[in-house]
Amino acid sequence: MNNMNLIPVYPEIFLLIAASAILLIDMFLPDAKRFVTYVLSLLTLVVLALLTLNDYHSGATVYTFNNMFVSDPLANLLKLFSYLAVGMTLVYGRKYNSDRGIVSGHLGGEYYVLALFALLGQMVMISGNSFLSIYLGLELMSLSLYALVALRRDNVSATEAAMKYFILGALASGFLLYGISMLYGATGGSLELNEVFRAIVSGTVDRTVLVFGIVFIVAGLAFKLGAVPFHMWVPDVYQGAPTPVTLLLGGAPKLAAFAITFRLLVEGMLPLAVDWQQMLMVLAVLSIIIGNVTAIAQTNIKRMLAYSTISHMGFMLLGMMSGVVDGNLFSAVNAYSSSLFYAITYVITTLGTFGIIILLSRQGFEADNLDDFKGLSKRSPWFAAVMMVLMFSLAGIPPMVGFYAKLSVLQAVLGTGQIWLTVLAVMFSLIGAFYYLRVVKVMYFDEPTDTSKIEAPLDMRIVLSLNGISALALGMWPGHLMDASTNALVTTLATFLSKVIS
């Protein structure tokens, strides 16, 4: 322990201490002062951002805890956006949770503490360099999210969603663990990703056992991403969970899922890319087709966005499966950076979309049906415009950021020579545009069925406005985020390969 470098783990250590302290402080707070828990949670995220920014600007890659944990540019970039996603979710959900008793009475501030512990799990996943640390982070995140979905124990929909999520999540964790155990056995007892890579390259490992293990690992990853055919939980959980909890599920965990997909498949099993790329292609194609087609039939907007998420994860997987063609690492970096860019921009856009749903909700009323958006432009022209920008971004209409995210992924796929796959993705994007534009049509051309005044805290209005503006600004100037994504991946991959070779 004396030789361990704890500096790269300072954000995780601080978050663990802060979350535990907030839980203890919250025990002694009356409902009237529950705002203190909210403020402390946001301050914790600010401190985390400052700690991680210091590491990010240094650009260094540091391994610690016997190479089980890595702090590199990719990890720091994803952590920064995870803090942003969780912070925005807490801002959006404060009034919603207060109105429904989720942060008062016998429930107290568990919502905030569980959100922070879920974030801690995501941070461990993002920086995991070992099968063991990645799995521990995954379980910490999953258990916290299970509890969050079930937080409204008096709500039948939330309880049902929690049961489905827990049972299917346990099954997916079993798949992942079984796949890891097969790789552990096949590679001579290697848990560290660097050692797994070396064992596979050596050629002394039984390839059949490796491929079998990859099948189970990809299945477990597909569940966490919500890719077809492991998507069954997504619509039910998105619809049944309280909307701020849905946002906690659909935001930062997607970044963590991208991280472990990259760590396990690219850093751990790059020599077997031919095998797992084919699996990802099947998952991506099915997700894009089923996600977009099924979303058209939905009248519940949370359920529609759930199927939208499935299709977007399909696009992200297209980028992941487009790397390493004919041993060309340059094309690999472009493909993986486009996938990373897509994941980040998707999270930013989906945060704002669910934020508008929360904005229109009030005590005793959930604005989760398309009809609830009728005539929004007459009730609030500004937030109707924000929602329009977000819908255009999800549909991939220029100059919104979603257009450049889709374009970068499609360029990566085209670089592999698979023109048919590019055409298919474009066709189903056009189909997907229908249900996004339907929301815009309802807001601007239908008469409002609800004429009540929209009430929301000032902090929520400001953050939601900035969220919408960012979707437009990042679309008009996408270069900075794209460069950050590319630089993070180039540095991370180069450092990892040099460590493996040495």
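In which helix does A332 lie? You will find A332 in helix α14, residues 329-360, and the legends below visit this and other places. This is a predicted model, in which local features need pLDDT of at least 70, side-chain atom pairs count only at pLDDT 80 or more, and totals for chains, interfaces and linings use all residues. Residues are numbered from 1 along each chain as its sequence is written, and side-chain values use heavy atoms, with hydrogens and water left out.

**Figure 1. The whole protein, as a setting for the close-ups.**
The protein has 20 helices and two strands; helices (H or I, at least four residues) and strands (E, at least two) are DSSP runs, numbered from the N terminus. A compact globule of 502 residues would have a radius of gyration near 23 Å, and the protein agrees with its 22 Å. That radius is taken over C-alpha atoms, and the globule rule is 2.2 Å times the number of residues to the power 0.38. Along the principal axes, the C-alpha atoms fill a box of roughly 70 × 55 × 40 Å. Of the 502 residues, 61% count as buried, where buried means under 20% relative accessible area, exposed over 50% and partly exposed in between (1.4 Å probe, protein chains only). Among contacts (heavy atoms within 4.5 Å) with a separation of 6 or more, 80% come from residues 24 or more positions apart.

**Figure 2. The surface and charges of the protein.**
The accessible surface comes to about 18500 Å², and 68% of this belongs to carbon and sulfur atoms. These areas come from the Shrake-Rupley method with a 1.4 Å probe; for residues, only the protein chains shown count as cover. The protein carries 26 positive and 27 negative charges, and their mean positions are 6 Å apart. Lys and Arg count as positive and Asp and Glu as negative, while His and the chain ends are not counted. Each charge is placed at NZ of Lys, CZ of Arg, CG of Asp or CD of Glu.

At 0% relative accessibility, A332 counts as buried. For a sense of distance, pick G475 as well: A332 and G475 are 143 residues apart along the chain, and their C-alpha atoms are separated by 24 Å.

Helix α11 covers residues 252-268. Its 17 residues should span 24 Å at 1.5 Å a residue, and the end C-alpha atoms agree at 23 Å apart; the expected span is 1.5 Å times one less than the number of residues. Because 17 of the 17 residues are buried, α11 is largely enclosed by the rest of the structure.

**Figure 3. The loop between β1 and β2.**
Both F65 and N67 lie in the loop between β1 and β2. Phi of F65 is near 55°, and phi of N67 is near 65°, each a positive value in a residue other than glycine. Most residues other than glycine have a negative phi, and most peptide bonds are trans. F65 counts as partly exposed at 26% relative accessibility, as does N67 at 21%.

A cis peptide bond joins V228 and P229, with omega about 5°. H231 counts as buried, at 15% relative accessibility. Leaving out residues up to four places away in sequence, H231 touches G226, I290 and I310. F354 is 123 residues from H231 in sequence and 20 Å away in space, C-alpha to C-alpha.

Another cis peptide bond, with omega about 5°, joins P398 and P399. P399 lies in the loop between α16 (381-395) and α17 (401-415). The 15 residues of α17 reach 21 Å from first C-alpha to last, close to the 21 Å expected at 1.5 Å a residue. The buried residues of α17 include V401, A405, K406, L410 and V413. After α17 comes G417, whose phi is positive, near 85°.

**Figure 4. S429 in helix α18.**
S429 has its place in helix α18, residues 419-445. At 13% relative accessibility, S429 counts as buried. Neighbours within four places in sequence aside, S429 is in contact with N292, F315 and K406.
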